[in-house]
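Student: I have a new model open and want to learn how to read it. Can we go feature by feature?
Tutor: Gladly. Here it is.

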Amino acid sequence: MVRLNDILDRIHQYLPGVDTTLVERAYIYSAKVHAGQKRLSGEPYLSHPLAVAYILAELRLDLITIAAGLLHDTLEDTLTTYEDLVRMFGEPVAEIVDGVTKLSKIQFQSKVQKQAENIRKMILAMSKDIRVLLVKLADRLHNMRTLGYQKEEKRPRIARETIDIYAPLASRLGIDWVKSELEDLSFKYLFPEEYEALKADVDAMLGRRKGYVEEVKDIIARKMAEYGLSCKVLGRPKHLYSIFRKMRLRNLPLEQIYDLIAFRIILQTTKECYEALGIIHALWKPVPGRFKDYISIPKANGYQSLHTTVIGPDGERMEIQIRTEEMDHVAREGIAAHWLYKEGRIISREQARSFDWLKQLMEWQKELEDPREFLESVRMDLFPNEVYVFTPNGEVKEFPRGATPIDFAYAIHTDVGHHCAGAKVNGKMVPLRYELQNGDTVEIITSPHHVPSRDWLKLAKTSRARARIRQWIKTREREKSLAIGRDLCIRQFRKHKLDFNDLIKDIGDEVARQLSFKTLDDLLVAVGYGKLSPKQVLKKVAALKCRNEECDVRLEDVLTEAKAPSHQGILIQGVEDVMVHLAKCCTPVPGDEVIGYITRGRGVTVHRTDCPNVQNFDPDRSIEVEWGTAEGESYPVKIRVRTVDQKGMLALVSNAISASEANIVEAKVSTTPDQKATFHFVVEVAGARHLKQVLSSIRRVNGVDWVERVASG
């Protein structure tokens, strides 16, 4: 357990002689109000705020931030009030603590909405003071370090949120060691068996290659010395999650991941960095397309370095990073490397520009009401895989990889996006589906006759572009949907020989309110979109009329109609008569987090929330669904297994599936020249827990490299 003296000693290392009274008072108060509270590990609760404060001290942060770290749970878990914190520790400390505090006392309609609102609050708070996010990251890091004490069913959800939201936020702040540790800890709990197997394999491989690493470091150091360059050479293994991600993306075994170790050359000046690059390329042949200059075009978080991949000794590929000491400091510490300890703000205008992404987050949280769309926007645009392109005037614009000219057009101005008719890249016309590449110069061609279409949502990658397109479509389609909704209701009422316009005349707004809409027009628009069925409107009108003693036999017939059963245990709040079917693209099973999508004429299609198709949903047609009970049901699931290519493997894997009491519906086999086989199965399971048992049984088969559930396709 961390002690107060450990924190104070760490502070005095980077702030010698500073008065730490504020931190000491925060410790005494935190110990007092958390007295008697325990962590799930059985340790005193105080061990958590102490650990958080120590992480903040490791980041070399100011005393206000460290005091807030010691107090960060007092508003949520004790009787302490915001006013108490202001009175005892000052408003800056109180505001940081308030910004970190979760919205635990507010009831939301769903877990997704609660998660979205927590992140909205954090974004609002950190836009005023970025230290809110630094405390939150330290809090999440210690919670991930102790995640093993949480209930088993909670671990994957917390790990998924960490790898989707908090690790990218750490990356955006440039704090590489925090990002890497969060990713590795998330990997451990999301894919525990793969984590342990990969860790053992990597440790063994690094042990065998220790001599090779020392040889390469010695060659580089001697070569730099020949040219009069004084440098430090490091050779460090990449963290486990980055290796795992590369294996999955490229469908490669560990033996074919050649750049497990990244070599780093640290020099004094930028000029020396470019000289060292020339020496390395003269020494070893560079791999085409694998050079990146982040010195002349830094990453959004301020990261600067030269990256190159070369064919080193014994014909092995090696990644080499070249940077100055200052660049290396920023790469490791990020924003903390530029902190003004007494004022809590970044030093220069150039560093301030690295927080443009925070302004974007602020825009999204204001514009995107749908919680799933908001979370999708945060996840999509926080990931640090950037592409840098130029306007015709030479201004640099940053986009996520895969962005298209449509994203560029909306980044210039909303009207430019709405009327984008085409694009020139490097002086040549390209289709709107063209993916922007580093260094492209992009010019947008507009026309007043061109307007967005729903197909653009498939091409746009940035949240700004997708939000603007959806907003345009929603505005333009409202009148159309209003007319369609009214027509559908008229037809539905006519089936029962009822006049919709006559019955709705005096109770329209009341019907709308009871179905959670502000006005009758809003209700009819929802019917037109397909979000609400005309039969629901008819039943609500019948119920209101009969309650007001205006009921006739036709309305009584509506109320006594048999309820249609929900499909396969799916429950939809407030809906009883809509067709429900499970999506074939992602094959959801009980236990998965799911969402419904309403399509006129087809009812509700239920998808897993991590299905790639969900990102293309129109939020106005999305609906919350959940699993009910469906005893004896079985559900098809697609899985993929990679094994060594040898006789009898298919039988061994099939037996493992059968031993787990799952039925194989379909099986396909393909082999590769590297003596590997890939099996594609469709198996029937009872739910997510049963599927986990099936996957574990397959992993235990000797010769299986990995097994995974196929998300779609």
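Student: Is Arg60 buried, partly exposed or exposed?
Tutor: Keep in mind that this is a predicted model. Read burial from the relative accessible area: under 20% is buried, over 50% is exposed. Arg60 has 30% relative accessibility, so Arg60 counts as partly exposed. Arg60 sits in the loop between H3 and H4.

Student: What is the phi of Arg60?
Tutor: Start with the general idea. Most residues other than glycine have a negative phi. Arg60 has a phi near 60°, a positive value in a residue that is not glycine.

Student: Where is Glu661 found?
Tutor: Glu661 is in the loop between helix H29 (649–659) and strand E18 (663–672). Glu661 also has a positive phi, about 60°, and is not a glycine. Its relative accessibility is 71%, so Glu661 counts as exposed.

Student: Which residues are in contact with Thr587?
Tutor: Set aside neighbours within four places in sequence. Thr587 then contacts Asp592, Arg608, Pro636, Val637, Lys638 and Arg709.

Student: Now helices. Which residues of H1 are buried?
Tutor: Look for the buried residues, then ask where they point. In helix H1 (residues 4–14), the buried residues are Leu4, Ile7, Leu8, Arg10, Ile11 and Tyr14. These residues lie on the same side of H1, because they cover an arc of only 160° around the axis.

Student: What covers the buried residues of H1?
Tutor: The cover includes helix H2 (21–33), helix H3 (47–58) and helix H4 (63–71).

Student: How many residues does H2 have, and how far does H2 reach?
Tutor: Compare the end-to-end span with the expected one. H2 has 13 residues and reaches 19 Å from its first C-alpha to its last. That is close to the 18 Å expected at 1.5 Å a residue.

Student: Which residues of H2 are buried?
Tutor: Leu22, Val23, Ala26, Tyr29 and Ser30 are buried in H2. Look down the axis: the buried residues of H2 fall within an arc of 130°, so they line one face of the helix. The face turned away from that buried side carries the exposed residues Ile28 and Lys32. Cover for the buried residues of H2 includes H1, H3, H4, H6 and helix H7 (91–100).

Student: Where is Asp84 found?
Tutor: Asp84 is in helix H6 (residues 82–89). Asp84 is buried, with a relative accessible area of 18%. A polar atom of the Asp84 side chain lies 3.0 Å from the backbone nitrogen of Thr81. Also, the C-alpha atoms of Asp84 and Ala94 are separated by 8.6 Å, with the two residues 10 apart along the chain.

Student: Which residues touch the most other members of the largest nonpolar core?
Tutor: The largest nonpolar core has 97 residues, and Ile11, Ile66, Leu198, Ile220, Trp284, Ile320 and Ile322 touch the most other members. Take Ile66 as a case. Leaving out residues up to four places away in sequence, Ile66 touches Ile7, Ile11, Tyr14, Val23, Ala53, Leu56, Ala57 and Leu61. A second, separate core of 31 residues includes Met649, Leu691, Val694 and Val701.

Student: How many aromatic pairs does the structure hold?
Tutor: The structure holds 12. Read two values for each pair: centre distance and plane angle. Phe187 and Phe191 are 6.4 Å centre to centre with 55° between the planes, a tilted pair. Phe187 is buried at 0% relative accessibility, whereas Phe191 is partly exposed at 25%. The rings of Phe187 and Tyr195 have centres 5.4 Å apart and planes at 80°, so this pair is edge-to-face. Both Phe187 and Tyr195 are buried.

Student: Which residues do ring pairs link into a cluster?
Tutor: The cluster joins Phe187, Phe191, Tyr195, Tyr241 and Phe244.

Student: How many helices and strands does the protein have?
Tutor: It has 30 helices and 20 strands. Of its 713 residues, 51% are buried. Among contacts between residues at least 6 apart in sequence, 67% join residues at least 24 apart.

Key: Residues numbered from 1 in each chain as written. Predicted model: local features only at pLDDT ≥ 70, side-chain atom pairs only at ≥ 80, totals over all residues. Heavy atoms only, no water. Core = buried A, V, L, I, M, F, W, Y, C linked by side-chain atoms within 4.5 Å. Buried < 20%, exposed > 50% of the residue type's maximum accessible area, 1.4 Å probe, protein only. Contact = heavy atoms within 4.5 Å. Helix = DSSP H or I, 4+ residues; strand = E, 2+ residues; numbered from the N terminus. Polar contact = N/O pair within 3.5 Å; in protein donor to acceptor, adjacent residues only side chain to side chain. Arc of directions from axis to C-beta. Expected span 1.5 Å × (residues − 1). Phe/Tyr/Trp six-rings, centres within 6.5 Å; stacked < 30°, edge-to-face > 60°.
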